[in-house]
Amino acid sequence: MAGTTIPASRGRFRGSTALRDNLAGWLFVAPVVIILGLFMLLPILMALWVSLTDWNGQGSPFRSGVPFVGTGNYTRLFTEDGLARQDFMTSIRNNIYYVAIVVPAQTVLALGLAVIVNSRMLKGKTFFRAAFFFPSVTSSVAISVVFLFIFANSGAVTSLLGVFGIDGPDWFSDSRGTLHLLLGAVGLVDPSAPPAALTGGGPFGLSWWEWLSGPSVAMTTIIMLVVWTTSGTFMLMFLAALQDIPVTLEEASMLDGAGRWQRFRYVTLPMLKPTLFLVLTLGLISTWQVFDQIYVMSQGNPSKTTLTPAFLSYQTAFRSFEYGSGTAISFVLFSIIVVMTLVQRWVMRERDGGSRRRRPAHASGRASARTGRS
Amino acid sequence: MKHSSVSRNRTIRNAALGAAACAVVLTSAACGSGFDDPAAGPTQQTSGPANLQILIGSSGDAETAAVKDAAAKWASANGASATVTPAQDLTQQLGQAFAGDNPPDVFYVDASRFADYVSVGALEPYGDKISNPDDFYPNLRTAFTHDGTFYCAPKDFSTLALVINQDLWSKAKLTDADVPTTWDQLTAVAKKLKAVDVTPITIGDTRDRVGAFMVEAGGWITSPDGKQATADTPQNLAALDYVQSLLKDKLAAYPKALDAGWGGEAFGKGKAAMTIEGNWIKGALQADFPDVKYTVHELPAGPKGKGTLSFTNCWGIAAKSKYKQQAISFVEAMTSADQQMAFAKAFGVMPSRQSAKDAYVKEFPNDAPFVNGVDYAQGPVNAPKMDSVLADFDSGIQQLSSTDPKALLERVQKNTQAAIG
């Protein structure tokens, strides 16, 4: 009797503890769950619904009269030949070039700055750290306005180029693609009369020639601005990671006879890999979402060459009252970011595994070398 | 035994989860109860003292103060209250207000956005309830008429005219007799100005300036009723060809190329001898470049005669307003000839009522070219969903010197047809 009751009571006891633990757990996370659900998940789901309708911005999108168009807003962005697709693809093209230049440039620059600021030789470290970090803590709108002045036709940059006898472009009104200019300068093609093979056709309503334009001159100024402002933030991350690298490791590699470059390539860089991943991920996400610089500096002009999906989504929804199209663009942008991040994670993870496999060999080799020497 | 306790455990956990999920759903549903308003049907009207919300896209402090004064006067005379709010970004704020089902009672509606608002049923068609509606210039009435219904009373208007810098003009030994009245004369004086190293003309790089040439050539983007696309016509092509030739021969330059945000700035800085701008340039020059001596003339005529563009706002009343009657009375007070003259003196706009024309010209004789323009002016495109099409046209105009005008017009034609449908 006793033998049967004890396990039962123990079981009941255990069950109720687990239940109480569960309840307590849920209670503790409830505020966050409710806040996230109410202010993030729910609005996202509501926006998803809007992207499936032709809601015109009058009254609620959740009443019966709102026309449901299914995936019409999405297919219009990809399959129908029209202005909507052309604008969207132009914005995607602009953003691809933007990401392709900004992400590597800001990462390399941030790493370089961090290495400089971290070096033991440098005097006045604090000053340089503050100076490099300064753009990151300044409002992006303020910096954008300053850049508007710097790159004005009679601004500092044009005057500086003038000193060297270079006739600078009209930065913000120049819609020519830099890749076009480059190809023209090399003599491969004539930008004013592009080859028919390229203008004839291309994917998604833009000709190959348009896809291959490169960032416009106006876009390059925004690229410079963003590289300059964000590299400070990322420098700080690299700096923190650099300071975490044990000095003994560097000393060990020096004893092994590694030169300055080898030390950086085979000791510092592998140790920075997690930070590198973080910086690249954050960089990818923020560059695909670029909005405020565009809004302040160019509004998509000249000739739509600084149009980005984020700005186009805003413009479509709040200027043209096509809320369905606008939200559809933002969901496509969201999926682009997710896919890009997954791809990047996959690429980085594979290499990570490889180096981890090699590390024991290195360590043991080094250990034996040291013992051998001592 | 063990099994049953585990499963019971699971059931309880599921129940708890379910309850939590229900709670979230219920909260959201409660939040959503406001959504289930009747889609159609007239809005409940409230009589008696009103509390009017007025949202204006103000040009500056002078306008805000003048409208606030006028609103206060109306409110005290009618025992109501009226709150005037200047918008930071009128289009966006209105969009949000309509989406939130809580629009202001009265607000400015730009003629270029009018069709968008009408097509979604946001505006109350009260135009003919205002006293003496025929007194408004016919051009402006057309701008706010949709399917034969006159929706809202024009607030004021502006037209484009040719502004000439006197100093640069005389530098090229030109006199008042040389003021161009045709395209040929315009080209001729431009060449003389260029010979003395002055940029002859600066034109804003949008359809809102270049479009004036299309009107002078007898063309426009849409048919007068806004139902047909008429972009791809020989008239429009002639206009764009002419502007392109001016740009290519360096007889004209866009303001950006002269390091200015708009034509008035380039003109005020003395970087161009002529510009095509509206009457707002008076205030801008007075504020920023008070030393510039200039004269204003009607735009030179094109192949089809005189032409210019008009820009106007109307006093829109929300279809969802609770105080429509009172709102109409408010607009009535704002659009009386006397009140319009008061606004004209306060912040330099031109009255939309023909009966105020004489008083205005007497008060501001230099503005006659602007006022006269209304007789042959073309209003903004009066068709919904055209915003992105026109933005695309603008981006073509921005690179007009290097594009084929014919291809550009074909593109606008195709896009306009798709938008008007």
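**View 1. The annotated ABC transmembrane type-1 domain of chain A.** An unreviewed UniProt entry places its "domain: ABC transmembrane type-1" on residues 92–344 of chain A. What you're looking at is a predicted model. In it, this stretch is 71% helix and 0% strand.

**View 2. Helix α16 of chain B, residues 387–398.** This helix has 12 residues and reaches 16 Å from its first C-alpha to its last, close to the 16 Å expected at 1.5 Å a residue. Is it buried or exposed? Well, 11 of the 12 residues of α16(B) are buried, so the rest of the structure largely encloses this helix. Among the buried ones are D387(B), L390(B), F393(B) and Q398(B).

**View 3. Strand β9 of chain B, residues 274–278.** Five of the five residues here are buried, so β9(B) is largely enclosed by the rest of the structure. In a regular strand, side chains alternate between the two faces of the sheet. Here, M274(B), I276(B) and G278(B) sit on one side, with T275(B) and E277(B) on the other, and both faces are covered.

**View 4. The partners of β9(B).** Strand β6 (residues 153–165) of chain B pairs with β9(B) in the antiparallel sense, over five bridges; look for V163(B) opposite T275(B). Strand β7 (residues 201–202) of chain B runs parallel to β9(B) and is joined to it by two bridges, with I201(B) standing opposite M274(B).

Note on methods: Residues are numbered from 1 along each chain as its sequence is written. Chains are lettered from A and ligands numbered from 1 in the order in which they are written. This is a predicted model: local features need pLDDT of at least 70, side-chain atom pairs count only at pLDDT 80 or more; totals for chains, interfaces and linings use all residues. UniProt positions are given in the numbering used here, feature names are shortened, and annotations may be inferred rather than shown by experiment. Helices (H or I, at least four residues) and strands (E, at least two) are DSSP runs, numbered from the N terminus. The expected span of a helix is 1.5 Å times one less than its number of residues. A residue is buried if 20 or more other C-beta atoms lie within 10 Å of its own, exposed if 12 or fewer, and partly exposed in between; C-beta atoms are placed from the backbone. Two strands pair if DSSP finds at least two bridges between them.
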